[in-house]
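Hi,

Here is the structure I promised to pass on to you.

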Amino acid sequence: MKHLLIPLLVLLPFSNVVNSSHLNNQRELIVTSESTRESIELAKYLKDNGVVKYSAYWCPNCLNQSELFGKQAYRELNVVECARDGINSQTQLCIDKKIKGFPTWEINGKLILGLLSLKELSKLTGFKN
């Protein structure tokens, strides 16, 4: 038992390094997938219609949501960073809006929590391509 415990104690101080290594000290989401014409059109429509995505740079579901759009379309979205240490953080706005988790979409004044497909977003907002 003692022989097993010592290696675990040696690794314990490094657990944060291992768990956060995917962030590389970046304080914003880095989207790498390519957008489609449809995802860019949807993103522009969402922005033009006041749809807001509340997000946190460290949130895996937020990254997955953003990757569905692709990097070109993601730049078109109205995204509010809620993490205090995130780039361009708007934490107080997230508190005021009572954001409980990420991603949260604000559509027509209604908050919808969770990762949504582009098809779901289209249906919820009336987007037709």
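The torsion about the S-S bond of Cys 82 and Cys 94 is about -80°, so the disulfide is left-handed. Its two sulfurs lie 1.9 Å from each other, and a disulfide here is a pair of cysteine sulfur atoms within 2.5 Å. By that rule the count comes to 1 disulfide. The bond links distant parts of the chain, 12 residues apart: Cys 82 sits in the loop between strand 2 (79–81) and helix 6, and Cys 94 lies in helix 6 itself. (Helices are DSSP runs of H or I with at least four residues, strands are runs of E with at least two, and both are numbered from the N terminus.)

Before you go further, please note that this is a predicted model, where local features need pLDDT of at least 70, side-chain atom pairs count only at pLDDT 80 or more, and totals for chains, interfaces and linings use all residues. Residues are numbered from 1 along each chain as its sequence is written, and side-chain values use heavy atoms, with hydrogens and water left out.

Cys 59, at 7% relative accessibility, counts as buried, and Cys 62 is buried at 0%.

Now for the rings. The structure holds 3 aromatic pairs; rings of Phe, Tyr and Trp (its six-membered ring) pair if their centres lie within 6.5 Å, and planes under 30 degrees apart count as stacked, over 60 as edge-to-face and the rest as tilted. One of these pairs is Tyr 45 with Phe 127: the planes meet at 55° with the centres 5.1 Å apart, so the pair is tilted. Tyr 45 belongs to helix 3 (residues 37–48) and Phe 127 to the segment after helix 7 (118–125), so this pair links distant parts of the chain, 82 residues apart. Tyr 45 is partly exposed at 25% relative accessible area, whereas Phe 127 is buried at 13%.

Another pair, Trp 58 and Phe 102, is edge-to-face, with 85° between the planes and 5.8 Å centre to centre. These two are 44 residues apart, with Trp 58 in the loop between strand 1 (52–55) and helix 4 (60–69), and Phe 102 in the loop between helix 6 (91–96) and strand 3 (104–107). Trp 58 is partly exposed at 44% relative accessibility, and Phe 102 is partly exposed at 22%.

Best wishes

Notes. Buried < 20%, exposed > 50% of the residue type's maximum accessible area, 1.4 Å probe, protein only.
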